[in-house]
Amino acid sequence: MKKYHVSTTINGEPVEFLCEPQQTLLDVLRDTLNLTGSKEGCASGDCGACTVIVDGRMVCSCLMLGVEAEGRTVTTVEGIATGDTLHPVQQKFLEHAALQCGFCTPGFIVAAKALLDENPNPTEEEARYWLAGNLCRCTGYDKIIRAVLDAASEMRREAAE
Amino acid sequence: MTFIGKDLKVVGTRPIRPDGVDKVTGRANFGADMTMPGMIWGKIKRSPHAHARIKRIYTEKALSLPGVKAVVTAADFPDIAAEEAFAGEAIMDFRDLSRNCMARGKVLYDGHAVAAVAATSPAIAEAALDLIEIEYEVLPFVIDVEAAMAEDAPLLHDTLFTQGVEPKPSRPSNIAKRINFTKGDVEAGFREADHIIERRYTGKPVHQGYIEPHACVAAVAADGQCMIWSSSQGHFMVRQYCAHLLGIDISNIRAMPAEIGGGFGGKTLVYLEPVALALARKSGRPVKIVMTREEVFRASGPAAGSVVEVKLGAKKDGRLTAGEVVLKYQAGAFPGSPVGPGCMCAFAMYDLPNASVTGYDVVCNRPKVAAYRAPGAPNASWGVESCLDELAIELGIDPLSLREKNAARDGTKAVHGPTWQNIGYAETLAAVRAHPHWTAPLGPGQGRGIASGFWFNIGGESSAAVHIAEDGTAAVATGNPDIGGSRASIAMMVAEVLGIPVERVRAIVADTASIGYTFLTGGSRVTFATGMAATEAAERVVEELKKRAAMMWEISPEAVEWRDGMAYPAGPNAGAFEPLSLGEIAFRSARTGGPISAELSINAQGAGPGFGTHICDVEVDRETGAVKILRYTAIQDVGRAIHPAYVEGQLQGGVTQGIGWALNEEYIYDGEGRLDNPGFLDYRIPVASDLPMIDTVLVEVPNPRHPFGARGVGEVPIVPPTAAVANAIYRAAGVRLRDLPMSPPHVLAALDKSDG
Ligand code: FES
Ligand code: FES
C-alpha cells in the first residue's frame with residue numbers, strides 16, 4: 001500500500017513519519033513512533049483511552065487519521081510531564097490512588113489536563129461531564145474526580161503565587 | 001509471627017504505589033505494547049453463526065496473499081481428551097478450553113474462533129481473513145437458559161449428560177450439572193412460618209468490561225523454547241494452559257507478565273496465547289494478537305445470566321424459619337458456570353435453620369462464561385437480597401432490623417456447611433445503623449435501599465522472594481500480576497517486617513522462570529496469600545540479619561533484637577554494642593556469609609470470608625424511567641486494610657460495576673443468535689457523570705490467619721448493588737423490579753403497569 005509522508009510536531013519535537021491512508025493517528029503513535037502510552041480500548045471513540053491533544057483540542061486519536069496530523073501539534077501522555085517533574089494532574093493521581101490497573105490513566109491524564117487548561121476551576125459536576133468520554137472500569141471514578149479537583153486547586157494556588 | 005494488634009509504621013498508611021509513575025506517564029507496558037524484532041500480526045476468523053457444523057475450511061487463497069506467513073485451524077492443535085483443571089474459583093476442562101480457543105467440528109456461538117492468520121501487517125492479516133472460506137451447516141441454536149433446559153432444545157454437545165442426577169441419564173442434555181444441598185427440615189421450616197414469600201428474579205449476562213482488550217506476543221525459537229508476553233491474571237496459568245493445549249513441556253515456555261489493564265476474573269483463561277504460539281511455531285516469527293473491542297464482547301467470557309427462584313418463610317417478628325432457592329445459570333458454550341459458588345453464597349449470610357439450595361449449570365449458544373468478581377454470588381444475592389426486602393415490607397419490619405435478626409455470627413453453621421468463625425457481617429450492619437447516611441432525610445421521589453453481600457476469598461499457592469541489596473535497600477519479587485496496587489501492599493508488608501521505609505523496597509512481578517509457582521491473581525487472594533509468603537520471606541531475612549549482626553558482634557543470635565531496621569543487643573546481658581543498621585549489615589554481608597535473601601513458596605490457608613452491606617439512595621424519573629444514584633455508601637469487613645486507599649478503590653470499583661449491572665448492562669441477541677451490542681456505545685458501562693462519590697467504611701475484624709489480619713476485599717463489593725438499587729427503586733417509586741437490567745425502558749414499563 002502506498003504510504004504518505006506526514007510532518008508534524010509531537011510533544012514539542014518535529015516528527016516526520018510515513019503512514020498508510022487507513023492508519024489512525026493512534027496506530028501511528030503506537031506502531032510507527034513507538035509512543036505506546038496512548039492506549040486502544042475500543043477504536044471507536046467510546047472509551048477515551050487514546051485521548052491526545054491536537055492544536056489545543058482534546059481528540060480521540062483512534063478517530064483521526066495519521067495523515068490528518070500533517071502540520072499539526074500533538075500532545076500525548078508522554079508529553080504531559082516536564083522532564084522529571086510530573087504535571088499536577090499526574091502527581092495528584094498518584095497521591096489519591098486514582099488508578100488501579102492504570103490502563104485508562106493516560107487518557108484521563110490527557111483529558112484532565114485539557115479540562116484544566118480550559119477551565120482552571122471546574123465544579124465536580126463539570127469535571128464529571130468533561131471526563132464522561134473516558135471509561136474506567138476499576139475505580140468507580142471517585143478518586144479520579146478527587147485527584148482532578150485537587151490538581152485544579154493546586155494549579156490555582158501555584159498560579160496565584 | 002503475628003502483627004495483629006501491634007503498633008505499625010507502614011501498614012495502614014497510604015504511600016504512592018511503586019509502579020505509579022510509570023502508569024501516569026505512559027511508560028508502563030501493557031499487553032499490546034510489546035514489539036519484537038521480526039514480529040508479525042495475527043488475526044482471528046470468527047463464526048458468524050450461533051451454532052453450525054464446520055464442513056470445510058479453505059485456506060489456500062489466504063495463504064497465497066503476499067505477506068501472509070501462516071494460517072492455523074483446529075488441525076494445528078492436538079485434539080486433547082477431557083481433563084478437569086482447577087481454575088481458581090471454577091472448574092475448567094482442557095478439552096473445552098482447547099475447543100473454545102479454536103473450534104473443532106462445530107462452532108457454538110457467534111464469534112467462536114475458527115481459524116487464524118499471521119501476516120506482516122495488520123491490514124494484510126485482516127484482508128487474509130476475508131480470503132478464508134468456510135462451509136457451514138447451520139444448526140438450530142438456543143440462547144436463553146430455560147429454553148436450553150427444555151426437553152426438545154437443540155443440543156450443543158451430544159456427549160454431555162447431566163451430572164448429579166439419579167439415575168444417570170441415558171440421553172444427552174444441555175444441563176451439565178445439577179447441584180443440591182439441604183440443611184435441617186425444609187418442609188417443617190415452612191410449616192412453622194407465619195409468612196411465606198416466593199419470587200423469581202432474572203438477569204442477563206454482563207461483561208467484565210476491562211478497558212484493555214486481550215493481547216499477547218508469542219515467539220518460538222528453533223530449539224522449541226517459547227516466550228509468551230501477555231496481559232493475564234496469571235502468567236503461570238498462561239504457561240500451564242498453553243503447554244497443555246499445544247503439547248509443549250512446561251519448561252520450554254517462559255511466560256512474561258505484561259501490566260494488566262483490568263481483568264475482574266475475565267483474564268483467568270487463555271484465548272489468544274495458544275493461537276499466537278501456534279502461528280509463531282508455523283511461521284517462525286514472533287506473532288502479536290490483539291483483540292478488538294468487538295471480539296472482546298463476542299468471544300471472551302461474560303458473566304452468567306441467570307434465573308433465580310427464591311422462597312422464604314418467616315415468623316411475624318422476622319425470624320427466618322426456612323429458605324429455598326433454585327439457581328439456573330447460563331454457562332455459555334461449555335459447562336462451567338459459577339452456579340456452585342452461587343449455591344453456596346445464596347444463604348451464606350444468614351442463620352437459617354432449614355434450607356434447600358438447587359443449582360443448574362446450563363450450556364447455550366453464547367460465549368463461554370468466565371469468572372467475574374465473586375463469580376456466581378451477585379446472581380444469587382440479586383434474588384435473595386431482593387426477596388428479603390420484599391419480605392421486610394410485607395412484614396412491616398425495616399430491612400436492616402430483618403438482617404440484624406437473621407445475620408450469621410461466629411458459631412453460626414452456614415447452609416453450605418462451614419461454621420463461621422471471626423466473621424464481621426453483624427459489624428457491617430452495626431456500621432450501617434451508626435452511619436449518618438442511614439437516617440439522612442430523603443426528598444420526594446427518592447428512596448433508600450440496603451443489601452448485603454458475601455464472598456469466600458481464597459488463599460492458595462504463592463511464592464515470594466526478598467533480596468537485600470548491598471546498600472540495605474530491598475527487592476521483593478512475586479508471581480502475581482499487579483491488577484490494582486498489589487505491588488504497593490506487598491512492598492508495605494515487607495517494609496513493615498524489615499523496619500524500613502516503603503520507598504526502600506522495590507516490588508516486582510517476576511516471570512515464570514524467575515520465581516516459584518504462583519497461582520493466578522484472583523479470588524481476592526494476592527494481598528492475603530502472596531502477602532503472607534512475602535511477609536514470611538521477610539521474616540526469614542530478619543532472622544538472617546540478626547544472625548549476621550550476632551556474627552559481627554560475636555554474640556549468639558538470640559541475643560540480637562530487630563527494631564526499626566536496626567539490630568540491637570537484646571538487653572544488658574547481650575553486651576554493649578552500637579546498633580547496626582540494615583545498610584551496615586548488608587554492606588559487610590560478603591564477610592559474614594554472602595548475600596542476604598529468602599524465597600518462600602507456600603500454600604496459604606485460612607482466607608477470611610468477607611461480608612459487606614451497602615446503602616443506596618436513588619431518584620426515579622417517572623417520565624423517562626431513568627434511575628439516578630444520589631448517594632452510595634459501601635461498608636465492608638476488610639480484616640485489615642494494608643493500603644486503605646486501594647482497599648477503598650476496590651470497594652468503589654466493585655460498587656460501580658454492580659451499579660452498571662443493575663441499571664444498564666446486558667448482552668442483547670438478535671433473532672439469529674448474534675450479539676447485537678458488541679461495543680461500548682451500545683453496551684453501556686457507567687461513566688463519571690452517572691455517579692456520585694462512592695463513600696466507603698472499612699470495618700476491620702482481623703483475620704487471625706494472616707500476619708497482619710488481612711482478608712480479601714475485591715469481590716464482595718460487586719455483590720450487593722443490584723438488590724440495593726432495586727430495593728431503593730421500590731421505595732422511591734413503588735415498583736418492584738425483578739429483571740435486570742433496570743434500564744429506563746424496563747423501569748418505565750413497570751411504572752406504566754403500576755399506574756395501570
Ligand atoms: S480507543 Fe479511542 S476512544 Fe477508545
Ligand atoms: S484504572 Fe483500570 S480502567 Fe481505570
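A polar contact is a pair of N or O atoms within 3.5 Å, where, within protein, one atom must be able to donate a hydrogen and the other to accept it. The exercises below concern a predicted model.

**Exercise 1.** Determine how many residue pairs are in polar contact between chain A and chain B, and describe the side of chain A that touches chain B.

*Solution.* Counting pairs in which both residues have pLDDT 80 or more, we find 21 residue pairs in polar contact between chain A and chain B. Turning next to the elements, those that give two or more residues to this side of chain A are α1, α2, α3, α4 and α5 of chain A, and α2(A) gives the most, with 5 residues. Sorted by class, this side has 20 nonpolar, 11 polar and 14 charged residues.

**Exercise 2.** State what area chain A and chain B bury between them, and which residues of chain A lose the most.

*Solution.* The two chains bury about 4000 Å² between them, with 59% of it on carbon and sulfur atoms. On the side of chain A, the residues that lose the most area to chain B are A:Leu94, A:Gln100 and A:Arg137, which together make up 21% of what that side buries.

Notes: Residues numbered from 1 in each chain as written. Chains lettered and ligands numbered in written order. Predicted model: local features only at pLDDT ≥ 70, side-chain atom pairs only at ≥ 80, totals over all residues. Heavy atoms only, no water. Buried area = accessible area lost by both parts, 1.4 Å probe. Polar contact = N/O pair within 3.5 Å; in protein donor to acceptor, adjacent residues only side chain to side chain. Helix = DSSP H or I, 4+ residues; strand = E, 2+ residues; numbered from the N terminus. Nonpolar A, V, L, I, M, F, W, Y, C, P; charged D, E, K, R; others polar.
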